[in-house]
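Please keep the sequence and the 3D view at hand while reading.

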Amino acid sequence: MFRGQFQHTIDGKGRVSLPSRFREALLAEGDLRLVMTPAPFDPCLHVFPYRAWEEFERKIADLPSLDPRIVRFRRLYVSPAIELELDRAGRVLLPPSFRDKAQLTRDVLWAGMGRTLEVWAKERWDQATAMSAAEMAEFKASVQELIKV
């Protein structure tokens with residue numbers, strides 16, 4: 001499980017360190033391989049452990065192949081996915097097209113999302129998570145109803 005938020009910096013070659021806590025979680029599962037894809041609805045990148053991505057792809061493969069929504073989703077989310085390799089320093093290379101899509105320039109935030117990770121530009125994360133007091137109250141009520149807390 002991936003928990004926590006960690007800020008890192010993209011170097012001049014487009015590499016960023018995978019937080020050590022996330023590397024440890026992958027090692028505990030016995031597989032350091034990752035799959036990354038641009039998020040279709042947010043300016044961020046989604047990162048899956050390799051086995052979780054394979055499971056996800058199987059679910060997508062079982063969906064109706066002629067449904068235009070599914071075709072579009074596959075084009076936007078599954079097709080651009082790439083396997084990531086960690087270098088000896090624990091860094092991953094973020095392709096330029098992914099950096100552009102997620103508006104990543106320098107300061108990034110790795111967000112643990114349970115079974116997956118997200119990579120955000122720090123300022124975009126702050127914008128995406130900001131809420132007014134009224135929005136927070138509405139959000140709290142909807143989440144409480146949804147997860148029965």
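Of the 149 residues in the protein chain, 34% count as buried, where buried means under 20% relative accessible area, exposed means over 50%, and partly exposed lies in between (1.4 Å probe, protein chains only). This is a predicted model, in which local features need pLDDT of at least 70 and side-chain atom pairs count only at pLDDT 80 or more, while totals for chains, interfaces and linings use all residues. Residues are numbered from 1 along each chain as its sequence is written, and side-chain values use heavy atoms, with hydrogens and water left out.

The protein chain has 6 helices and 8 strands; these are DSSP runs numbered from the N terminus, helices being H or I with at least four residues and strands E with at least two. Along the sequence they follow the pattern β-β-α-β-β-α-α-β-β-α-β-β-α-α. The C-alpha atoms fill a box of roughly 45 × 40 × 30 Å, taken along the principal axes. Among contacts (heavy atoms within 4.5 Å) with a separation of 6 or more, 56% come from residues 24 or more positions apart. The protein chain exposes about 9600 Å², and carbon and sulfur atoms supply 52% of that area, as computed by the Shrake-Rupley method with a 1.4 Å probe; for residues, only the protein chains shown count as cover.

In soluble globular proteins, nonpolar side chains tend to be buried together. A nonpolar core is here a set of buried Ala, Val, Leu, Ile, Met, Phe, Trp, Tyr and Cys residues joined through side-chain atoms within 4.5 Å. The largest such core has 22 residues, of which Met-36, Leu-45, Val-47, Leu-94, Leu-104, Trp-110 and Val-119 touch the most other members. Two or more residues each come from α1 (20-29), β3 (34-38), β4 (44-49), β7 (107-112) and β8 (117-121). What is Val-119 in contact with, leaving aside its neighbours within four places in sequence? Its partners are Met-36, Cys-44, Leu-45, Val-47, Leu-104, Val-108, Leu-109 and Trp-110. A second, separate core of 8 residues includes Val-35, Phe-48, Trp-53 and Phe-56.

Aromatic rings come next. Rings of Phe, Tyr and Trp (its six-membered ring) pair if their centres lie within 6.5 Å; planes under 30 degrees apart count as stacked, over 60 as edge-to-face and the rest as tilted. By this rule there are 11 aromatic pairs. Phe-48 and Phe-56 form a tilted pair, 5.5 Å centre to centre with 35° between the planes. Trp-53 and Phe-56 are also a tilted pair, at 5.3 Å and 40°. Both of these residues lie in helix α2 (residues 50-61), 3 residues apart, about one turn of the helix. Phe-48 is buried, with a relative accessible area of 9%; the value is 19% for Phe-56, also buried, and 3% for Trp-53, buried as well. Phe-48, Trp-53, Phe-56, Phe-73 and Tyr-77 form one aromatic cluster.

Some backbone details remain. Gln-103 lies in the loop between α4 (96-101) and β7. Its phi is near 60°, a positive value in a residue other than glycine. Gln-103 is partly exposed, with a relative accessible area of 34%. Helix α6 (residues 133-147) has 15 residues and should span 21 Å at 1.5 Å a residue, which agrees with its end C-alpha atoms being 21 Å apart; the expected span is 1.5 Å times one less than the number of residues. After α6 comes Lys-148, whose phi is positive, near 55°.
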